[in-house]
Amino acid sequence: MNFFSYLLDPSHWSGSDGLGLHVAQHLLYSLIAVAIAALIGIPIGMLIGHTRRGNFLVIALANSFRAIPTFGLLILVVLLTDTSWIPVVCVLGVLALPPLLTSTATGILQADQQAVHAARAMGMSPGQVLGRVEMPLATPLVISGLRSATLQVIATATVGAYVPGFGGLGRPIMDGLRNGDYGQVLAGAILVAGLAILLDLVLSLIGRVTGRHLRFKPPRSAVVETTS
Amino acid sequence: MNWRWIAENYGMIGTALGQHLVLALIPVLAAFVLSIPIGYLVFRTRSVANAILAIFGAIYSIPSLALFVVLPLALGTKILNPLNVIVALTIYTTALLSRSVVDGLRDVPADVKQSADAIGYGAVRRFFGVDLPLAMPVIFAGLRVATVSNIALTSISVLIGTPSLGTLFDQGFNQGFLTPVWVGLILSIVVALAADLVILIIQRGTLPWVRRAS
């Protein structure tokens with residue numbers, strides 16, 4: 001298949017316009033975007049979950065976010081600011097915010113209330129309850145939110161290449177489309193799909209490892225208490 | 001916001017909106033028809049069902065732009081053919097909806113199925129008369145998510161040369177002109193939320209017991 005010749009040609013991998021650089025850029029943009037969203041979304045989600053206030057607002061917000069065409073938002077933000085990579089990464093961060101926010105809030109809301117009551121009875125401060133009990137119990141859900149946020153960002157970062165000067169794996173796709181070089185397009189498409197699946201796998205492994213300690217929560221005592 | 005531009009380009013905006021809706025909604029209808037038998041078959045294959053569901057999840061992780069550009073190579077269609085976008089969105093929507101069908105069918109209580117069997121319902125009659133109607137609220141929830149995200153996603157089609165509301169974004173960017181971008185954004189969001197409302201109304205009309213129960 002000559003379609004794969006571009007991807008398999010070593011000379012297309014290195015250099016200032018090589019696929020290696022595009023993979024690295026794509027990862028970097030995506031990680032920055034997810035990190036920004038996590039720094040904002042997880043603390044707010046923790047607060048909403050812990051205080052049990054504003055959850056309705058978060059769900060409504062997350063649902064309406066789904067209706068926003070990212071491509072349009074991207075162009076709006078780029079036109080309003082400038083064509084550097086920063087506004088593009090910010091739009092990607094906006095995309096990652098709702099899944100992180102909702103999963104953190106839901107994770108804490110669904111944390112075993114027996115454990116939370118026990119922690120309070122032991123004299124833990126609200127901060128300690130949140131940090132030592134609610135957050136560890138919510139971790140699997142937070143990781144699953146991180147997973148969907150990352151996938152969405154990796155997928156959408158390709159669209160960023162519409163903006164001239166923005167790198168990443170959208171670059172070979174867009175350049176290839178423009179020049180009619182479908183081998184180049186396919187190379188970008190395969191790499192971005194592979195990157196998405198690989199990161200999903202890594203995050204699901206992390207989720208499984210962090211969820212493991214939850215086996216040690218006392219399930220039997222909960223059963224005893226509900227029967228009494 | 002340049003209102004004169006909107007008045008002068010009324011026809012073009014309407015055409016873009018129409019193209020957008022065709023590209024976004026045909027996949028929803030196609031996926032709805034496809035996902036019920038697929039979901040049922042996955043539901044029946046008990047041991048491998050979770051593996052198949054994981055594959056559906058993986059399909060959803062393929063970036064849309066990648067799928068849009070790879071499909072012409074797989075289908076043998078021309079890169080500018082709107083069918084590429086329709087097929088790509090149908091694949092996404094079917095993966096998402098089949099999952100909802102499986103979840104919905106799994107939620108049907110065992111005692112309800114046993115009651116239907118006891119009354120003498122056959123397999124086919126039980127599926128259409130009992131299992132499917134009880135699974136419908138979950139399927140409708142999936143349908144709403146799929147429709148809203150399809151409408152938001154479709155504007156990317158312009159990157160592979162298929163016109164939609166994305167045409168307005170493209171035009172605005174190339175001319176450094178904000179009005180078409182605002183018009184495209186607002187229309188896309190309004191249409192997505194309106195479609196969501198329409199599905200909700202259809203659900204209320206066809207599944208009156210859901211409202212009573214909740």
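Guide: A salt bridge here is a side-chain nitrogen of Lys or Arg within 4 Å of a carboxyl oxygen of Asp or Glu. This is a predicted model, in which local features need pLDDT of at least 70, side-chain atom pairs count only at pLDDT 80 or more, and totals for chains, interfaces and linings use all residues. Residues are numbered from 1 along each chain as its sequence is written, chains are lettered from A and ligands numbered from 1 in the order in which they are written, and side-chain values use heavy atoms, with hydrogens and water left out.

Visitor: What makes B:Arg126 and B:Asp117 a salt bridge?

Guide: Their closest N and O atoms are 3.2 Å apart. The cut-off is 4 Å, so the pair qualifies. B:Arg126 also meets B:Asp131, at 3.1 Å from N to O.

Visitor: Why is B:Arg126 called buried?

Guide: Buried means under 20% relative accessible area, exposed means over 50%, and partly exposed lies in between (1.4 Å probe, protein chains only). B:Arg126 has 18%, so it counts as buried. B:Asp131 is buried as well. B:Asp117, at 40%, is partly exposed.

Visitor: What does the salt bridge of A:Asp200 and A:Arg147 tie together?

Guide: The N to O distance of this pair is 2.6 Å. A:Asp200 sits in helix H9 (residues 182-211) and A:Arg147 in helix H7 (residues 126-157) of chain A, so the bridge joins parts that are 53 residues apart in sequence. Helices are DSSP runs (H or I, at least four residues), numbered from the N terminus. A:Asp200 is buried at 16%, while A:Arg147 is partly exposed at 31%.

Visitor: How many salt bridges are there over all chains, and how many across the interface of chain B and chain A?

Guide: The whole structure has 6. The interface of chain B and chain A has 0.

Visitor: What makes up that interface?

Guide: It takes 34 residues from chain B and 31 residues from chain A, where contact means heavy atoms within 4.5 Å. About 2,800 Å² is buried, 87% of it on carbon and sulfur atoms. That is accessible area (1.4 Å probe) lost when the two parts are put together, summed over both. In chain B, B:Leu73, B:Leu159 and B:Phe173 lose the most, together 23% of what that side buries.

Visitor: Where in chain A is confidence lowest?

Guide: In helix H10 (residues 219-227), with a mean of 32. Helix H2 (residues 19-51) of chain A is highest, at 92. These are pLDDT values, the predictor's confidence in each residue, from 0 to 100. Over residues 216-228 of chain A the pLDDT is below 50, and beyond near neighbours in sequence this stretch has 2 contacts in the model. Where pLDDT is low, the predicted coordinates should not be read in detail. Chain A as a whole averages 83, and 91% of the residues score at least 70.

Notes:
Helix = DSSP H or I, 4+ residues; strand = E, 2+ residues; numbered from the N terminus.
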